[in-house]
Amino acid sequence: MAFDKDKPAATAGFFLEGEYAWIDFASTLSEYRGRGAQGALVERRIRDAKDMGCRWLVVETAQQTPEKEAPSYRNMIRYGFKLAYTRPNYIFEF
């Protein structure tokens, strides 16, 4: 969790199993977006996973397309993640 003094500003989590970890579940309060909280949390989760013996770190994000920005995707590329594959996402409309 990232704080502004004593107020929680952002949170994130990860799951570790042996040499593999999955980082996800990140959120930031709207008034704190764009101020580096998620970047700090990504760096912290990478460091913690490495310190715990992790060799492989996995994350999923929305796909960056010309029609739709995906800030999380750009952030993960910036931190060294490489695209492994894309998968279809489906939505059901009533």
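Is E69 buried or exposed? E69 is exposed, with a relative accessible area of 52%, where exposed means over 50% relative accessible area, buried under 20% and partly exposed in between (1.4 Å probe, protein chains only).

The legends below describe a predicted model, in which local features need pLDDT of at least 70 and side-chain atom pairs count only at pLDDT 80 or more, while totals for chains, interfaces and linings use all residues. Residues are numbered from 1 along each chain as its sequence is written, and side-chain values use heavy atoms, with hydrogens and water left out.

**View 1. Confidence along the protein.** The average pLDDT, the predictor's confidence in each residue on a scale from 0 to 100, is 92 for the protein, and 100% of the residues score at least 70. Strand β4 (residues 56-59) has the highest confidence, at 95, and helix α2 (residues 71-78) the lowest, at a mean of 89; helices (H or I, at least four residues) and strands (E, at least two) are DSSP runs, numbered from the N terminus.

**View 2. The salt bridge between E69 and R74.** The structure holds five salt bridges, each defined as a side-chain nitrogen of Lys or Arg within 4 Å of a carboxyl oxygen of Asp or Glu. In this one, the side chains of R74 and E69 meet at 2.6 Å, N to O; R74 counts as partly exposed, at 38% relative accessibility.

**View 3. The salt bridge between E19 and R55.** The closest N and O atoms of E19 and R55 are 3.9 Å apart, and the pair links distant parts of the chain, with E19 in the loop between β2 (7-17) and β3 (20-28) and R55 in the loop between α1 and β4, 36 residues apart. E19 is partly exposed at 37% relative accessibility, whereas R55 is exposed at 57%.

**View 4. Helix α1.** R44 and D48, both in helix α1 and four residues apart, about one turn of the helix, form a salt bridge of 3.0 Å, N to O.

**View 5. The aromatic pairs.** A search of the whole structure finds two aromatic pairs, counted for rings of Phe, Tyr and Trp (its six-membered ring) with centres within 6.5 Å, and called stacked for planes under 30 degrees apart, edge-to-face for over 60 and tilted for the rest. W22 and F25 pair edge-to-face, at 5.2 Å centre to centre and 75° between the planes. The ring centres of F92 and F94 are 4.8 Å apart with planes at 80°, so this pair is edge-to-face.
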